[in-house]
Amino acid sequence: MDVSRTIKIFAAEENISVAELIRRFAKYSGKEYSTQSFSNRLRNGTVHFNEVEQIAKMLGYRIKFEKEDEQ
């Protein structure tokens, strides 16, 4: 699953738009994020993992990695 889809799922689960999620994230992180530039980064796949991790935490999620079963 790509980052853009993951962020869209986070927003949908919270019943907010991606733009609103970005506005909340900017306030939460204390960093300057314009909706347009962050949306462009989502589309281009250039959002950093730590940003996705912070967004998840802001919304009450935890990112968990699990090792796949070896066959």
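These legends describe close-up views of a predicted model. In this predicted model, local features need pLDDT of at least 70 and side-chain atom pairs count only at pLDDT 80 or more, while totals for chains, interfaces and linings use all residues. Residues are numbered from 1 along each chain as its sequence is written, and side-chain values use heavy atoms, with hydrogens and water left out.

**View 1. Helix H2 and its length.** Helix H2 covers residues 18–29. Helices here are DSSP runs (H or I, at least four residues), numbered from the N terminus. The expected span of a helix is 1.5 Å times one less than its number of residues. Gly-30 follows H2. The phi of Gly-30 is positive, near 75 degrees.

**View 2. The buried face of H2.** Leu-21, Ile-22, Phe-25 and Ala-26 are the buried residues of H2. Buried means under 20% relative accessible area, exposed over 50%, and partly exposed in between (1.4 Å probe, protein chains only). Down the axis of H2, these buried residues fall within an arc of 140 degrees, so they line one face of the helix. The arc is that of the directions from the helix axis to the C-beta atoms. The buried residues of H2 pack against helix H1 (3–13), helix H3 (35–44) and helix H4 (49–58).

**View 3. Val-18 and its contacts.** Val-18 lies in helix H2. Its relative accessible area is 22%, so Val-18 is partly exposed. Beyond its neighbours within four places in sequence, Val-18 is in contact with Ile-7, Lys-8, Ala-11 and Leu-42. Contact means heavy atoms within 4.5 Å. Ser-4 is 14 residues from Val-18 in sequence, and the two are 9.8 Å apart in space, C-alpha to C-alpha.

**View 4. H1 against H4.** The axes of H1 and H4 come within 11 Å and cross at roughly 10 degrees. H1 is therefore roughly parallel to H4 (angles under 35 degrees count as roughly parallel). From H1, the contact is made by Val-3, Ile-7 and Phe-10. From H4, Val-52, Ile-55 and Ala-56 take part. Axes are lines fitted to C-alpha atoms, for helices over the stretch in contact, and angles run from 0 to 180 degrees between N-to-C directions.

**View 5. Lys-67 after H4.** Lys-67 is found in the segment after H4. Lys-67 counts as exposed, at 69% relative accessibility. Lys-67 and Ala-19 are 48 residues apart in sequence. In space they are 33 Å apart, C-alpha to C-alpha.

Terms used
Helix = DSSP H or I, 4+ residues; strand = E, 2+ residues; numbered from the N terminus. Parallel < 35°, antiparallel > 145°, perpendicular 65-115°, else oblique.
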